[in-house]
Amino acid sequence: MEKLSIQFDEKGLIPAVIQDVRSGEVLMLAYMNEESFRKTIETKQTWFYSRSRQELWLKGATSGHTQYVKQLSYDCDQDALLVQVESNGPACHTGKKSCFYRHVNKMIH
């Protein structure tokens, strides 16, 4: 069995891509530190580290739009996470289902 050795960056963070387990849609990108990573595993809900507020936060604590972890994976370099979730509401603070609702299509044509 492969040894789990998650690589946090120099600030103690790791990027976490949050994906809807059913549709495959990318919902958001957030960061975890060791404590939020541990709490996510223990509670099976997504916990993150806010870089601006410098504190832990439970997704949905204020909005009620919680995310339940169904699969937690890491990449080949062990420096990024993919968290597949069931969500009971929008992921974005704007009320959109995904934080990735803006498109730059005009720039790539």
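This is a predicted model: local features need pLDDT of at least 70, side-chain atom pairs count only at pLDDT 80 or more; totals for chains, interfaces and linings use all residues.

Me: What does UniProt say about D75, D77 and D79?

Reply: An unreviewed UniProt entry places a "binding site" feature at D75, D77 and D79. Take that with some care: UniProt positions are given in the numbering used here, feature names are shortened, and annotations may be inferred rather than shown by experiment. The unreviewed entry also places "domain: Phosphoribosyl-AMP cyclohydrolase" at residues 28–101. In the model, the end C-alpha atoms of residues 28–101 lie 10 Å apart, and the span is 14% helix and 38% strand.

Me: Which residues is D79 in contact with, leaving aside neighbours within four places in sequence?

Reply: Q7, I14 and P15. Contact here means heavy atoms within 4.5 Å.

Me: What makes the phi of Q78 stand out?

Reply: The phi of Q78 is positive, about 60°, although Q78 is not a glycine. Most residues other than glycine have a negative phi. K44 also has a positive phi, about 65°, and is not a glycine either.

Me: Are Q78 and K44 buried or exposed?

Reply: Q78 has 12% relative accessibility, so Q78 counts as buried. K44 comes out at 52%, so K44 counts as exposed. Q78 lies in the loop between β5 and β6, and K44 in the loop between α1 (34–43) and β3.

Me: How do you know whether A30 is buried or exposed?

Reply: Its relative accessible area is 7%, so A30 is buried. A30 sits in strand β2 and, leaving aside neighbours within four places in sequence, is in contact with I14, P15, A16 and F48.

Me: What makes a group of residues the largest nonpolar core?

Reply: A nonpolar core is a set of buried Ala, Val, Leu, Ile, Met, Phe, Trp, Tyr and Cys residues joined through side-chain atoms within 4.5 Å. The largest one has 15 residues, and those with the most contacts inside it are A16, I18, M28, M32, F48, L81 and V83. The elements that give two or more residues to this core are β1 (14–20), β2 and β6 (81–87). The largest share, four residues, comes from β2. In soluble globular proteins, nonpolar side chains tend to be buried together.

Me: Why is a space called a pocket rather than a cavity?

Reply: On a 1 Å grid over the protein atoms alone, a cavity is a set of points where a 1.4 Å probe fits but cannot get out, while a pocket is an open set with protein on both sides within 12 Å along at least five of seven lines. Lining residues have an atom within 4 Å of a point. The largest pocket has a volume of about 390 Å³. Of its 17 lining residues, the closest to the centre are W57, K59, A91, C92 and H93. That volume is the space filled by probe spheres set on the points, which are joined across faces, edges and corners.

Me: And how much space lies in the second largest pocket?

Reply: About 170 Å³. Its lining residues include M28, A30, Y49 and W57, and β2 gives the most to that lining, with four residues.

Conventions
Residues are numbered from 1 along each chain as its sequence is written. Side-chain values use heavy atoms; hydrogens and water are left out. Buried means under 20% relative accessible area, exposed over 50%, partly exposed in between (1.4 Å probe, protein chains only).
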